[in-house]
Amino acid sequence: MFQTLPSDFFSNSTVGSVAGMGGTAAGISSLIFNLCTASLVAHFGYGVVLTIAGLLAPLGVIVLFLLVGNIHRLNNLDARLISTTP
C-alpha cells in the first residue's frame, strides 16, 4: 500500500524518481538489518530481533501520519480542480 503513496503526493514527472529512491532506501535498510541480525541474536536472542521487526510497521505508520498531516475526502468540486483530464 505504501508504494502507491508517491503518486498521491508528487507530480507526474517526479513519481518514478521518488518511488525509486524509496525502493533504494528499502533495499539498503534491509541489507543493514540483515547484517545486524546475527550480532543481535548472538548478544540478545531472537526476542529483540522479532520485537524490532514488529515495531517497524506501526512506527512507519505513525511517521507517515505525522508527515502527511490531515487526511480528508475530496468533494466533487475539489476532484474537478485537480483532475488531469482535459
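A pocket, on a 1 Å grid over the protein atoms alone, is an open set of points where a 1.4 Å probe fits, with protein on both sides within 12 Å along at least five of seven lines, and its lining residues have an atom within 4 Å of a point. The model to be toured is predicted, so that local features need pLDDT of at least 70 and side-chain atom pairs count only at pLDDT 80 or more, whereas totals for chains, interfaces and linings use all residues. Residues are numbered from 1 along each chain as its sequence is written, and side-chain values use heavy atoms, with hydrogens and water left out.

Of its 86 residues, 6% are buried, that is, under 20% relative accessible area with a 1.4 Å probe and protein chains only.

Next, select Phe-2, Gly-22, Gly-23, Ala-25 and Ala-26, which lie nearest the centre of the largest pocket, among the 22 residues that line it. Two or more lining residues come from each of α1 (5-9), α2 (15-44) and α3 (46-68), and α2 gives the largest share, 10 residues. The volume of this pocket is about 800 Å³, counted as the space filled by probe spheres set on grid points that are joined across faces, edges and corners.

Now select Ala-19 in helix α2, which is partly exposed because its relative accessibility is 37%, between the 20% and 50% limits.

Finally, show α2 with α3, whose axes, lines fitted to C-alpha atoms over the stretch in contact, are 7 Å apart. Their packing angle is about 140°, on a scale from 0 to 180 degrees between N-to-C directions. Select Phe-33, Thr-37, Leu-40, Val-41 and Phe-44 in α2, which meet Tyr-46, Val-48, Val-49 and Ile-52 in α3, with contact meaning heavy atoms within 4.5 Å.

Conventions: Helices (H or I, at least four residues) and strands (E, at least two) are DSSP runs, numbered from the N terminus.
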